[in-house]
Amino acid sequence: MAEVVVVGSFNVDHVWRCPQLPEPGETRGGDYSTGPGGKGFNQATAAARAGAKTTFFCALGADTGAQLARTLAAADGIALHDQCSDAPTGTAGIFVDAQGRNSIVMGAGANATLSPGFVGGQRAIADAQVLLAQLESPLDAIACALTLARAAGAVAILNPAPADARTTPGLLALADILTPNESEFVALLARHLDTQLGAAAVTGLDDANLHALARRLFSHGTLVLTLGAGGIFVSHAASNRRGDAADCYRLAAEPAQVVDTTGAGDACNGALAASLVDRPDAPFAEHLRFANRYAALSTERAGAAIAMPRLAEVVARFGA
């Protein structure tokens with residue numbers, strides 16, 4: 001039985017590293033590399049390397065990208081089940097500057113064909129302890145996965161990334177835990193609360209105002225807002241603090257020698273899912289502390305899925 005089930009995307013990443021991100025109309029030289037990515041696969045890799053028995057559901061083409069996904073999943077002990085698509089396996093073009101910041105353009109390919117019928121036929125979702133999903137796949141397939149997980153008593157985590165204007169209150173209601181970054185948070189506020197804020201303004205809000213916005217947006221569950229160098233803000237429903245003493249609080253970012261932030265949010269989500277399985281009775285803050293450390297370590301190496309650290313590396317760096 002899988003402990004963590006991830007439903008989402010797999011991409012073949014094409015990465016260019018350059019001193020500065022190109023401006024519109026500008027051509028820059030850079031160093032090229034390629035490797036595995038996609039939010040779903042990144043998160044599944046993080047969960048598996050953080051110690052959880054992990055299953056991953058996705059859609060792949062009939063091409064070398066699909067072969068890469070299967071080979072890498074097997075190497076990390078991930079049980080991969082894919083819906084075969086006539087479309088090519090997904091791709092992403094990523095630019096990374098000298099500070100580790102990135103700009104990304106995705107070609108969904110097969111990811112856009114993942115269907116509720118395929119997802120709904122997967123028994124492992126009903127057997128999972130934690131279900132983790134994102135928004136790089138069709139929303140009806142993601143809704144199906146969240147519905148199955150909630151019905152079976154699993155913890156359902158929705159990472160609303162990338163920001164998607166099609167998200168509905170009904171989709172958010174299917175999650176127990178919502179994990180946006182600041183850009184995704186402001187997009188959700190604009191869509192669901194008609195509240196206009198800039199991402200930079202979110203970081204500067206005090207805890208009381210952030211908590212109030214989080215409760216209006218996601219009243220029934222726990223919202224985990226990742227703020228990059230600003231750390232993590234947590235907002236619980238008062239009726240379910242998940243073992244924490246306070247309705248809301250912050251965790252500071254862990255120190256890191258940043259090389260590449262690509263996949264850091266995915267690292268945090270996958271590690272959070274693994275920790276929830278490993279110590280289900282621990283306070284939520286302890287799970288987040290582990291996820292925060294895991295994500296920090298992931299930024300110290302280049303790449304997305306391949307940058308996910310092993311559990312032993314996290315323990316060696318930060319302690320058990």
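**Strands, helices and a pocket**

Reply: Val5 has Thr55 as its bridge partner in β4. This is a predicted model.

Me: What makes β1 and β4 a pair?

Reply: Two strands pair if at least two bridges are found between them. Strand β1 (residues 4-7) and strand β4 (residues 54-60) have four bridges, in the parallel sense. The count meets the cut-off, so they are called a pair.

Me: How do you know that β8 pairs with β1 and with β9?

Reply: Count the bridges again. Four join β1 to β8, and the two run parallel. Val4 stands opposite Val130 in β8. Four also join β8 to β9, again parallel. Here Leu131 stands opposite Ala156 in β9. At least two are needed, so both pairings hold.

Me: Which way do the residues of β8 point, and are they buried or exposed?

Reply: Val130 and Leu132 point one way from β8. Leu131 and Ala133 point the other way. All are buried. In a regular strand, side chains alternate between the two faces of the sheet.

Me: What is the strand order of the open sheet?

Reply: The order is β5-β4-β1-β8-β9-β10-β11-β12-β13, nine strands with mixed pairing. β5 (79-84) and β13 (248-251) stand at the edges.

Me: Which helices lie across β1 and β8?

Reply: Helix α1 (residues 39-49) lies across β1, β4 and β8 (130-133). Its angle to β4 is about 165°. Helix α10 (residues 264-278) lies across β1, β8, β9 (155-158), β10 (177-178), β11 (222-226) and β12 (232-235). Helix α10 runs at about 170° to β8.

Me: What makes α1 mostly covered?

Reply: Ten of its eleven residues are buried. Among them are Gly40, Phe41, Gln43 and Arg49. Gly51 follows α1, with a positive phi near 115°.

Me: Why is Asn42 called buried?

Reply: Asn42 is found in helix α1. Its relative accessible area is 4%. Buried means under 20%, so Asn42 qualifies. Leaving aside neighbours within four places in sequence, Asn42 is in contact with Pro36, Gly37, Gly263, Asp266, Ala304, Ala305 and Met308.

Me: Why does Arg28 count as partly exposed?

Reply: Arg28 has 33% relative accessibility. Buried is under 20% and exposed is over 50%. The value falls in between, so Arg28 is partly exposed. Arg28 lies in the loop between β2 (11-17) and β3 (31-37).

Me: How do you know that the side chain of Arg28 makes a polar contact with that of Gln20?

Reply: The distance is 2.8 Å. The cut-off is within 3.5 Å, so the pair counts. The side chains of Arg28 and Glu26 are also joined by a polar contact, of 3.2 Å. Not counting residues up to four places away in sequence, Arg28 touches Gln20, Leu21 and Pro22.

Me: How much space lies in the largest pocket, and what lines it?

Reply: About 1100 Å³ of space lies there. The lining has 46 residues. Asn181, Thr261, Gly263, Ala264 and Gly265 lie nearest the centre. Elements giving two or more residues to the lining include β2, α1, α7 (182-192) and α10.

Key. Residues numbered from 1 in each chain as written. Predicted model: local features only at pLDDT ≥ 70, side-chain atom pairs only at ≥ 80, totals over all residues. Heavy atoms only, no water. Buried < 20%, exposed > 50% of the residue type's maximum accessible area, 1.4 Å probe, protein only. Contact = heavy atoms within 4.5 Å. Polar contact = N/O pair within 3.5 Å; in protein donor to acceptor, adjacent residues only side chain to side chain. Axes fitted to C-alpha atoms, helices over the stretch in contact; angles between N-to-C directions. 1 Å grid on protein atoms, 1.4 Å probe; cavity = no way out; pocket = protein on both sides within 12 Å on 5 of 7 lines; lining within 4 Å. Points joined across faces, edges and corners; volume = space filled by probe spheres on them.
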